[in-house]
Every structure is written in structure tokens, then in C-alpha cells.
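Take a look at the model below.

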Amino acid sequence: MTEVAEVEAAVLENEFELPGSWREVLAGETEQPYFAQLAEFVAAERAEHQVFPPRGQVFSALAATAYRDVRVLVLGQDPYHDDGQAHGMSFSVLPGTKTPPSLRNIFKELHADLELPVPDNGYLMPWAEQGVLLLNAVLTVRAHEANSHKAKGWEKFTDAVIKAVSAREEPCVFVLWGNYAKKKLPLIDTSRHVVVQGAHPSPLSAKLFFGSRPFSQINEALAGFGGEPVDWRIPDLAGN
């Protein structure tokens, strides 16, 4: 192997190395040929185009919420594709980034549902730290081209994540917003887990999303499991 090829192989390995708590659970997936092909595809895309999220942030959701700690799984579809938005967690953006429209609608419904203040930022790490897995079905995207990495293998991998969470003995709340997410329902053992379904918070369907009260539904389900509710508050950057 040439020096260049060795460097490229190392980049591929590091880019697609799963966080520790998920590595064993998903070993059967990462050892399959499609996963290596997916890694090669993403590496080729990064060589020719700008790809979001940045290298090192693709598995941020899995890194933030350990497998054993998942209490709620919120499924998104595709990473944000504009500059500086995607960081590997569905619906979330880093501090200092303007809150995207779908997330603004989520915050509006959060305020209406639980009377919590609308935060001044869209960084959802406080949710992830409480066991809310913010998973997208597709984990990368070419800049400014929505769904450009669709049907390249990510869906097979994230389906395996959903099935792995469903297979645990501990009950979980699965949140499926929009028709795309609802197609994942057959992957979930609904005899043991609770599914909260509703319209997508996108401006295109927000009228149906508003009034659905998903956050109180999630906390009621967690209480039914004998668990603690999620504290849905997002601290303001100003410290309020």
C-alpha cells in the first residue's frame, strides 16, 4: 500500500469508527460490505464536494447518547444542508447558528405544550444528555443539495440502529414526525415500546404539527415506564 493509500485508509477508518457504546451492538452492520462501500462513497464525496456534517461529527448523536441510555429516539430524515448547520444530531444546530424553521416550530410547540420559554439557540445537547437519541435516517449530505446522499446505504445502517434500540429490554419512546419517519414503524416492537407519531414540524406541515403536544406525550409515556420525565428546557446562550 502506498503512503497516500495508507493515509486515505486511515481517514476512512476514523471517519466511520463508531462511538464505543454502539460499536459492539452494531458490529454486524459495520462488517458488512455495504458499510465499507458507504464509507468509500462519503470519502469520494468529501474529496470532490463540501459534505455536511463535517468529518468527525457524522456519529455525534451516537456519541452523545450511549446505547444503554436511550430513553427517547427522535427520527429525522436528512442533515441540514446549508453552511454551518448540521453537526450530526437531528434537528439540532450548534450554538451561534440561526435556528432553522423546523426547529423554530418545534420550540413553538414546546412552548404551547409545556409552557417552556422559546430558547435563543438550537443546540439540543441537553436533550441528548438525558437519553434522547437525535437520529437522522441519512447521516451525510452534499452541501446545498437536500437528500443527495439518500439511498447510498445510510438508511440500512440507521434502520439497524432503530432495531437495536427496539430489541432492548428497556422500553423506549420512538418519535416519528412526518410520513417518511412513520415508514419506520414496522422496525419497532410496539408491544413493548411507545410510538409518538405526528406531522413533521416543517413549515409545509406545521399547521398539523401545532397542537399535537408530543413533549407531554413523551413524558407521560416515560412516567408509564416508571422513568423520569425529560427536562425539555434549552438554556439560553445569554445564561437565562
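Start at Asn105, which has its place in helix H6. The model is a predicted one. Is Asn105 buried or exposed? Its relative accessibility is 8%. Buried means under 20%, so Asn105 counts as buried. Now see what surrounds it. Leaving aside residues up to four places away in sequence, Asn105 touches Pro201, Ser202, Pro203, Ala206, Phe209 and Phe210.

Phe107 also sits in helix H6. This residue is buried too, with a relative accessible area of 2%. Which residues does Phe107 touch, not counting those up to four places away in sequence? They are Thr99, Val118, Pro119, Asn121, Gly122, Leu124, Trp127 and Ile234. Pro117 lies ten residues from Phe107 along the chain. The C-alpha atoms of Phe107 and Pro117 are separated by 8.3 Å.

Now take helix H6 as a whole. It has 14 residues. At 1.5 Å a residue, they should span 20 Å. The end C-alpha atoms of H6 are 20 Å apart, so the model agrees with that expectation. Which residues of H6 are buried? Asn105 and Phe107 are on the list, together with Ser102, Leu103, Ile106, Glu109, Leu110 and Asp113. An α-helix has 3.6 residues a turn, so residues three or four places apart point the same way. Keep that in mind when you look at the list. What do the buried residues of H6 pack against? Three of the partners are helices: H7 (125-128), H10 (206-209) and H11 (214-224). Strand E5 (173-177) is a partner as well.

In an unreviewed entry, UniProt lists Asp78 for "active site". Asp78 is buried, because its relative accessible area is 16% and the cut-off for buried is under 20%. Its contacts, not counting residues up to four places away in sequence, are Asn136, Val138, Thr140, Val141, Ala146 and Asn147. With Asn147, a distance can be given. The backbone nitrogen of Asn147 lies 2.7 Å from a polar atom of the side chain of Asp78.

Next comes helix H8, residues 154-167. H8 has 14 residues, which should span 20 Å at 1.5 Å a residue. Its end C-alpha atoms are 20 Å apart, which agrees. How many of the residues of H8 are buried? Eleven of the 14 are, so H8 is largely enclosed by the rest of the structure. Among the buried residues are Trp154, Phe157, Val161, Ile162 and Val165. Glu155 and Asp159 are also buried.

Finally, view the whole protein. Its secondary structure comes to eleven helices and six strands. The radius of gyration is 18 Å, close to the 18 Å that the globule rule gives for 240 residues, so the protein is as compact as a globular protein of that length. Along the principal axes, the C-alpha atoms fill a box of roughly 60 × 40 × 30 Å. Of the 240 residues, 49% count as buried. Consider contacts between residues at least 6 apart in sequence: 70% of these join residues at least 24 apart. The protein exposes about 11,600 Å², and carbon and sulfur atoms supply 51% of that area.

Key:
Residues numbered from 1 in each chain as written. Predicted model: local features only at pLDDT ≥ 70, side-chain atom pairs only at ≥ 80, totals over all residues. Heavy atoms only, no water. UniProt positions renumbered as here; feature names shortened; annotations may be inferred. Buried < 20%, exposed > 50% of the residue type's maximum accessible area, 1.4 Å probe, protein only. Contact = heavy atoms within 4.5 Å. Polar contact = N/O pair within 3.5 Å; in protein donor to acceptor, adjacent residues only side chain to side chain. Helix = DSSP H or I, 4+ residues; strand = E, 2+ residues; numbered from the N terminus. Expected span 1.5 Å × (residues − 1). Rg over C-alpha atoms; globule rule 2.2 N^0.38 Å. Areas by Shrake-Rupley, 256 points an atom, 1.4 Å probe, with all protein chains shown as cover.
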